[in-house]
Amino acid sequence: MPDRSVPYPSFNYVVYLSHPAGLRMPLGGFSEAIGLTQRSAVYRSGNESGGNLGVRKIPGTGGIHNVGDITLKRGVVSVGDLWSWMAAARNSSSAARRSGTVTLRDETGTPIISWKFTKAMPVRYKGPPLGGKGSGDCAIEELVLSAESIELAPPH
């Protein structure tokens with residue numbers, strides 16, 4: 001990552017998803033990608049030996065960690081790709097688990113950093129709120145993915 005003092009803008013990213021046929025395809029133009037979180041278990045230990053009465057935090061054993069759900073929001077353009085993936089998840093198909101990346105890009109479109117998620121499957125879809133006020137707002141749909149792991153990856 002180049003050295004710079006100005007943070008990268010959060011609006012310039014792309015979501016890629018692996019396809020059962022082995023292809024890597026953009027999942028769509030999302031307006032928001034949130035929940036790229038991972039938390040390792042930490043336990044509190046009692047008193048230290050030697051008279052130190054402080055509490056010490058120690059890492060969990062066995063690699064216990066929690067991965068947050070990834071929420072993706074986009075304007076409704078075509079829901080066919082999402083519906084077929086959700087149908088596979090409902091039917092417990094092996095095609096329901098896919099890996100992917102969320103890649104942040106700089107102002108020129110050059111990939112800067114990627115978050116790789118593995119064995120994700122759709123767990124919730126929320127259609128857009130629809131109203132007759134004619135405000136001109138985009139119809140935004142929401143897709144929630146449950147992944148087994150999230151890690152930083154080389155940008156691509």
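**Fold first**

I counted one helix and 12 strands in the protein chain. Both are DSSP runs numbered from the N terminus, helices being H or I of at least four residues and strands E of at least two. I read the order from the N terminus as β-β-β-β-β-β-β-β-α-β-β-β-β.

The model is predicted, so I kept the limits in view: local features need pLDDT of at least 70, side-chain atom pairs count only at pLDDT 80 or more, and totals for chains, interfaces and linings use all residues. Numbering runs from 1 along each chain as its sequence is written, and side-chain values use heavy atoms, without hydrogens and water.

**Contacts and surface**

I took contacts as heavy atoms within 4.5 Å. Of those with a separation of 6 or more, 63% join residues 24 or more positions apart.

The accessible surface is about 10000 Å², and carbon and sulfur atoms hold 54% of that. The areas come from the Shrake-Rupley method with a 1.4 Å probe. Of the 156 residues, 29% are buried (under 20% relative accessible area; exposed is over 50%, partly exposed in between).

**Aromatic rings**

I looked for Phe, Tyr and Trp rings (six-membered ring for Trp) with centres within 6.5 Å; planes under 30 degrees apart are stacked, over 60 edge-to-face, the rest tilted. I found one aromatic pair. The ring centres of W83 and Y125 are 5.0 Å apart with planes at 55°, so I logged the pair as tilted. W83 sits in helix α1 (residues 80-90) and Y125 in strand β10 (residues 111-126), 42 residues apart.

Technical notes
Buried means under 20% relative accessible area, exposed over 50%, partly exposed in between (1.4 Å probe, protein chains only).
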